[in-house]
Amino acid sequence: MRARLWDALGLGLAGETGTGAAVAEHTFARFETAGGEFGAHEMLETTSENSYAEFEEALGELRTAGLAPGDVGRAREETTIADTQLAEAQRALVGEETAAVLELQLLGTTVQDAAFLAAAGEFEAARTAAEDALGRFEDADLHDTLEAADNEAYETFESAVEAVASAADNEDSEAVRSSAAESFGAALDGSYELAGSAATAGAGHVAALQARGWDAAALASMGGPSTAFAHAAALTIYRGRTHDASWLAASGETDRAATVVSDVFAHFEGARAHEALEEADAEAYEGFEAGLSSLRSAIESGDTAGVEEAVAAVDSNLVAGIQALAGGRAPLLEASFFRARSADARERYRLGETDAAAGIAEGLFGRFEENELDLHETVESTSEELYTRFEEEHLSSLIDGFESGDDEAVATHYEGVQSTLLEFETAAGGTAAVSGAEGAYMAARGFDAAVLDTLGEDARAEAIARAAFEHFEAGAGGYHEALEEADGSVYESFEERLGAIATAAGECEDVYPAATAFNGEAVASIYAVVGNAGGSETAAAATVMQEVFGQFEQARVHDGLETADRNAYETFEEELDAYLSALQEGGDVVGAAESFASAAQYAQFALLDSVERLPLDLDLAGGSGGGGSEEGQEESALQGGPNVVEGVPDDADHVVDMNAVAFDPSSVTVTQGDTIAWTYAAGEPHSVSAYGDGIPEGATYWASGGFDSEEAARTGWENGEGAVQSGQSYVHTFETTGTHEYFCIPHEAAGMVGEVVVE
């Protein structure tokens, strides 16, 4: 678990803050489910309540306050706190000598983080990871201890880590890998010299190999965009559509404008991005929906100022949501939005609306200067020359062209804006991420055709659709080929629906239904490409596990494990082989990593002749791995209280799952008088406890356990009351309208909070 803390930070240093946050969350979930007397959760709590509380709080803050919002400095602070608490507990449990063994093995493992970061091309992060490990080594008591016990291992380890940092500075991935492997070997050699027994060092050795398995999982998840990015791309389409509604309203087409807004709302309610936005940024979710409602009202009442204000509100909340979901890839979606809006400006200029066209372009210039969604800084860091061409040569000149009515300048610099932004997308992102951005752009162009058709510009609507088709056929930054490879059926439907827009316009039919149908295929295409891409570093991750296999075969722990417990030995090798196969053959990498981790834990207990104490209920090679969780064999002393029932009542209007460290969904909108059942789904027992100052005025306090205040709920939990356990649900009926905020007492530090909006 200490190694995984540094994995999460390393990913943050590489700009993969979303992936790092996911590692932190997964680590918290594994800790919560590491039950039993000899599991990490109960063992830490028994050893030191203070370390237990500080570790949980820091691990939660690492994700929620550090990595999720992209604050890497805060992430470093929380990583250090969490690591320190686990180190102190280790010393209390096993004494200074064995703790030093584990510390040295951990340092060797964290140096290997530099190798997986360098394999992903993140050399600066790799150098920082190596320097961090070296700094921790030099500051530790272990430094002098190892020098005295095994000077050769000491010198080899220190010089190898320095070589890792130097190789990373020179962007030499192979040298980073080989030097990191050398430092890892030296750390292991030294640990056996420091250990009182080979079995003790061997158990730590297997734990280090388990940590390398998590390195491979982290590496496999890097490079390719996550589904969250696809959600953010879908939100980018909504940005364009709300601006289209404003355009239609300004042109006197209020009925169609209102329909567009209503359709956006309806689409969002059934979209995959709906719940994702709600979970990622509840405030942005609420602001977006409220803004849509205000926009429709303003359109219907002819309130021009109100329309502008509502569009701004919708847009700002979508920007916040996109940032929360897309993270470091948000600039690609902003470039897509800029392309769509500059196209809007070009069309309005064609219609003689020069002021409107110039205003749109000026607005884009302002957004760029404000670094909205980090576009300005990212373009500049990607290429100074590209940055200059985009802003100074083309965007500024496009504004001048609009204002002066210079058709030739407008044509030249509009194409310049479009081409430089697409060039930026392909330079800054992989094919899957570019495809997401281009999917959003093309959906926007389909709706532009519908707007122009509504305004009586059938020929122009047809031309837009045909130009979009040509752009797609020309490759669209790799989007065409990526979609065809990802899902042939969606690819064919995409082209068919896009062609239908041109056909409808050419035959003077209403283009809006065709554009709406095409939008559905564009959204489907984004999810298809992103889902098909996965992480782009799977091959490098497979190399990591090949190294682990090779290291194990040659390691002294190999024979030690085989002698200690043949079943544990075979299980470890089988799960290691299965994990490698999953990486090489495109299998379930996450599941394989979990199984390998369990097999490694089995091996650790076997080496210490303690399989009967293994806090896992495994059915592995040759039979059960151990006695299972003692916690699961004993009747829990925790109690539920009023409204904690067995199962889920049939008359519950809504059900919320309580996972290891999260409510799912975290935000629920209900009608006054509705009943919600919170049901146990995973992890340790949970509570459902309202915040005393987070419920509407006049509402009766509610919580599992039937307490009448937040203070009483917290005190009750300390006394074992208010728990919702396996097979149980907490049920509450809401009579007071407004927003009710609540949390899980034992997992509040991990960010397990939620809200109920009663209408």
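The model is predicted, local features need pLDDT of at least 70, side-chain atom pairs count only at pLDDT 80 or more, and totals for chains, interfaces and linings use all residues. Residues are numbered from 1 along each chain as its sequence is written, and side-chain values use heavy atoms, without hydrogens and water.

Ser 342 sits in helix α16 (residues 330–350); helices are DSSP runs of H or I, at least four residues, numbered from the N terminus. I checked what Ser 342 touches (heavy atoms within 4.5 Å). Leaving out residues up to four places away in sequence, I found Leu 364, Tyr 414, Val 417 and Gln 418. The Ser 342 side chain also makes a polar contact with the side chain of Gln 418, at 2.8 Å. That term takes N or O atoms within 3.5 Å, one able to donate a hydrogen and the other to accept it.

Next, I turned to cavities, meaning sets of points on a 1 Å grid over the protein atoms alone where a 1.4 Å probe fits but cannot get out; lining residues have an atom within 4 Å of a point. I found four of 30 Å³ or more in the whole structure. Volume is the space filled by probe spheres set on the points.

The largest cavity holds about 70 Å³. Its lining includes Trp 6, Asp 113 and Arg 136. Helix α1 gives the most, four residues.

The second largest cavity holds about 60 Å³. Among its lining residues I noted Arg 241, Phe 447 and Tyr 512. Here α21 gives the most, with four residues.

How values were computed. Helices (H or I, at least four residues) and strands (E, at least two) are DSSP runs, numbered from the N terminus. On a 1 Å grid over the protein atoms alone, a cavity is a set of points where a 1.4 Å probe fits but cannot get out, and a pocket is an open set with protein on both sides within 12 Å along at least five of seven lines; lining residues have an atom within 4 Å of a point.
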